[in-house]
Structure formats: C-alpha cells, structure tokens
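Please open the model in a viewer and follow the selections below in order. Each stop names what to select and then what is found there.

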Amino acid sequence: MDLAPLLLLLFAFTLAIFLGVELISKVPSQLHTPLMSGSNAISGIAIVGALMALNVGESPVTKWIAFAALVFASVNVVGGYLVTDRMLAMFQAKNKGGKK
Amino acid sequence: MAVVINLLYIIASVLFIFGIKMLGHADTARSGNRLSAVGMMIAIVATLLYGGLAWPMIIGGVLLGGAIGAIAATRVPMTGMPEMVAIFNGLGGLASLLIGVVEFVKIYTVKGGVETYLTNLAAQSGVTVPAWFAALAIALTILIGGITFTGSLVAWGKLSEKLPGQPISFPGSGILNILLLLTAIGAVVTFTIAPSGACALTTVIVLISAALVLGVLSTIPIGGGDMPVVIALLNSYSGIAAAFAGFIILNNVLVVAGCLVGASGLILTGIMCKAMNRSLGNVLFGGFGSAAGKAGTAMEGEMKAASAEDAYYVLEAARHVVFVPGYGMAVAQAQHAVKELAEILESKGCQVEFAVHPVAGRMPGHMNVLLAEADVPYEQLWEMDAINRVIDTVDVAVVIGANDVVNPAALDDEASPIYGMPIINVHKARTVYCLKRGKGRGFSGLENALFFKDNVRMLYGDAKATLSGLVSEFSE
C-alpha cells in the first residue's frame, strides 16, 4: 500500500490550517461578518464532492442523494457569495465617504 | 485530463487564499469575495471535466440550488443576515453529510464491498488508500456534517426568534450529551473497522442520528447573547466537514478550501471568546444566563422611566452623545432612525459617536453591518477600548437595546456570570438613556445593574418608535 499520495493530502491539510490562521488573525471587527459569510460560501466547495458523485455509472439511490447534496451546496455557494457581496457593497459605499 | 483538473484545482485554491486574505481589509474586501467566487467557479468547471457525468441532474441541481440561494440572498433584509448565514452554513454541512452518505451507499451496494469501492476510487482519483482511512473519513464527514446541520438550524431558530433565545437545558442534559458523543465515537470506530457487511447500515444510521441529535443538544443550551461565538464555531465546523469530505474522495481542493474555512472560523471563535473574556468551554457548557436565576447579587433600587420629551431636553443640551447599539436595534430595525437622530444632533453642533462592542448583536460584527446599511460614516464608529477612554466626558450615552455589553456587573460583581467580561462603561457617562422593549430581563436572562444606577433613565417601547419620537420632537 503506497501511502505517499495520502500523506501529501495530509500535508496540504496541515499547511492550510496554518495558512488560514495566518491569513485572518488580525481582521478589524467591522469585517467579521462579511469574512465569516464569505468563508461560509467557500465551505460550499462540498459542491465538488456532489458533482463527482453524479456519475452516469452510479445507482439511482446514490445519484438522488448526490443530487440533494448538489442542491444544498449550490444554495450555500450562490447564496453565500451574493449575501457577502451585498454586505460589502454597503461597506464600500460608506468608506468612500458617500452619504447617500 | 486528471493533470489539467488538478492544475485548475491549484489555481482555485490560490484564489481562495487570496480571496480570504483580501476579505480581511476594508478596501479590498469586495474584490476578495469576487476573487474567491471565481475560484469556486474554476473548481466547479474543473470537476465537470471528469468524464461520464450525469449532466441533466447536474444542470438541474445547480439551477435549482442556485436559484434558491440567489432569491434568498437578494430578498433577505440586512437585519435578517445572521439567520441567513446560519441557514446557508447548515446547508453546507448537510451537503457534506450527504456526500458521506453517498460514499457509504456506494460501498454498501457495490459487489465486493469496500475492496471494489477502493479500486473504483483509485481509478477515479489515481490514489490508493487503505480501507480504514476511507471509512474513517466517511464517518467523520457524516458526524461533523450532521452536527453542523442541526446546530445551524437551532441557531437559525434562535436568531429568528422561532425558538426562545434563553438557554434551554434540562436535568441530565450534560450526561446525555456525553453519552451521545460516546455513541457517535463508538459508531465512528465501528464503521472504521467494518465499513461493509451486515452491521454497516445500522452503524451508519446510529451515527447519523447521533450526529443530528448532538447538533441540536449542543446548541440549545447556549443563550442568544453567546450566538456570535456559536455562529463562528458552526462556520468552522462546516469547513472541517468539507475538508473531511475531501479526504473521502481524495480531492485536494476540498481539503484545502475546507481547511481554510475551518481555521478562519476557529480564529473568529477565539476572537469572540476573548471579547467576552471567557473560554470556549465556558461558552459551550457554561450556559451564561442559565445560571442567572441563582447567580449575581440582587439588585437594589428601581428603574426610572423617562419620557421622550425628557430625553429630548437632555439631548438638545448635549454636546457629546454616544450611541451604543445592540440586538434590540436590529430587532426593531431602528438603524435608520438612529442615523437620522445622529444627523440632527450633529447639525446642532453636537459630537456624535457610535460605540460598538465586539460581541454586540447575534453574529460577529453584526452592528457594523447594520450601521453600514444606514450609511453611518466609518469615522463615527468607535471600538470599545477607544470609547472607554473618553466615556466620562460624554454628556449622554444612548443604549439601544444592548444589555450584557453595558452591564457594570461585569466589572464589580464577582457573583455575576458575566464577571470579567470587558464592557462599554456607559454608566460613567453623565446621563444614560436605555431604550428597551419592556422591564423584563434581556435576551441572556441576566438582570442588568446598569438600569438601577442614578444617572440612568429608561425609555420603554420599540426602539424605532422611540427614536422616531425623538426625531419628531426635534423637528417641532
């Protein structure tokens, strides 16, 4: 059993943890909500798993469960990005000093 | 083709990393979010390059889910944002759970069980893994995904006030939680050892049930005031669930992206806990507010109600006013009325500031979103430490539906459950007006020592109505 590819995956996992910590350890509190909502949208990456399971060769049961996963993940992705963008649009208008 | 797909995954991961980085700075946040959306698009397109996909279902699923997400995201009012984020987060967790289930069903239904499954997996991904590893990844994805899903649903219920905001606990709930967790861990171990065979289906059903119930039971004892921590933590869980799902199907973009979300959620959780001077364990198991009935020194004195007219005279004479918004402002959707009052005061030469406590509201940075919606200029937003340095020179502090974050019991009452939490010291201002819906205790269930101080007056009623009343007093 060749464990090398698996170890590479674990390697990426470990590095990503440190990267995530490094990236956002000093975020101003005004941006906490958009940051959370934006990273929430990224967790919709589960959509990739759903897509891969929707293979023509799979059984109908598998496909319908994967279909459900795909729908939920799509809501997460599309909704998450749009909501974050809406919030950030308000922040941006404000930062430019525009009153109305 | 596998090389192209993986290269595209690397590009997507890089875009996610830059996207998150840019989300941390005010002037680049919006482009950061768009960059990460482009990354998502690339990851999806790359996945579609795998051959043999069931296109009708894929197109149907993406259109259906995308339409639901788009409609929900564009219709939700800014005040409903915490609930919306909670729901999206829960669906992400549910998607991960279902991916775990899909992979289990594949193992369960395929001839030859787990060996054939692993052969097929190796053919698709090019990676051979031991059976225990695939099984462990499936079990953990189901566990974390399930907790995320029902935990987020409970959070949504509490935030939208469909469930009571007070901590709900019953005798023995702690022991029940531990038993459930042990059951779940037992199921994970059992499944890792025996992923196929007669008992596997039972194991998975036990695991799913335990995960779903755990999500509910670990979230209902947490009070509304602690919701910023819970929301940040659930966000982290959904990322970890996605990362585990990546380990099942051996997909590096899932692992990296999920892990980034998991780590950033944990950091936010830490920041929120620090802002309350409490440990995560204390938030999760302490039931801040559930102990309120017995803890805390009894209050002496009485709350003094005032009329809008009294407040008008005081505000009119004030030269420095600080508004302290809280969840009550969100519920009453009073942010525009506050802004209007602030503008009137400014036009009279009064200095106006907004003091924002890090955990005011129901999600991290909740108040900043609402004040941004009402176009409150950034320069007027002050953080807790900055305002506390000058608070004793402030003529009037107007507390709009904030409770625990201004409760002086945190400073001087060692018996209080919130003792030690940094607060905005509004009681040091010359005069304080507290806008509050009624005489009852706040969302957290704690009695507020502030309301009994001599320099504090209560303005009962809906915050928006009270503020509009003040605005019209000024225009008369």
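Select chain A and chain B together: in this predicted model, three salt bridges are counted between the two chains. To see a salt bridge in detail, display the side chains of B:Arg30 and A:Asp85, which meet with an N to O distance of 3.1 Å. Polar contacts may be displayed next; 15 residue pairs, both at pLDDT 80 or more, are in polar contact across the interface of chain A and chain B.

Now colour chain A by its helices. The elements that give two or more residues to the side touching chain B are helix H1 (4-24), helix H2 (32-43), helix H3 (46-53) and helix H4 (60-95) of chain A. Colouring the side of chain A that touches chain B by residue class gives 54 nonpolar, 22 polar and eight charged residues.

How many residues does each chain bring to the contact? Chain A brings 84 residues, and chain B brings 108. With a surface displayed, the area buried between chain A and chain B is about 8400 Å², and carbon and sulfur atoms give 76% of that area. Then select A:Met36, A:Met52 and A:Arg86: these residues supply 9% of the area that chain A buries against chain B, more than any other three residues.

Where they touch, 15 residues of domain 1 of chain B are in contact with 15 residues of domain 2 of chain B. The area buried between the two domains of chain B is about 1400 Å², with 64% given by carbon and sulfur atoms. Select B:Glu161, B:Pro228 and B:Ala275, which supply 31% of the area that domain 1 of chain B buries against domain 2 of chain B, more than any other three residues.

A search for salt bridges across this domain interface of chain B finds zero, while two residue pairs, both at pLDDT 80 or more, are in polar contact. Finally, select helix H6 (131-159), helix H9 (227-249) and helix H10 (252-275) of chain B; each supplies at least two residues of the side of domain 1 that touches domain 2. The largest share of that side, four residues, comes from H9(B). By class, the side of domain 1 of chain B that touches domain 2 of chain B has eight nonpolar, five polar and two charged residues.

Note on methods
Residues numbered from 1 in each chain as written. Chains lettered and ligands numbered in written order. Predicted model: local features only at pLDDT ≥ 70, side-chain atom pairs only at ≥ 80, totals over all residues. Heavy atoms only, no water. Contact = heavy atoms within 4.5 Å. Buried area = accessible area lost by both parts, 1.4 Å probe. Salt bridge = Lys/Arg side-chain N within 4 Å of Asp/Glu carboxyl O. Polar contact = N/O pair within 3.5 Å; in protein donor to acceptor, adjacent residues only side chain to side chain. Nonpolar A, V, L, I, M, F, W, Y, C, P; charged D, E, K, R; others polar.
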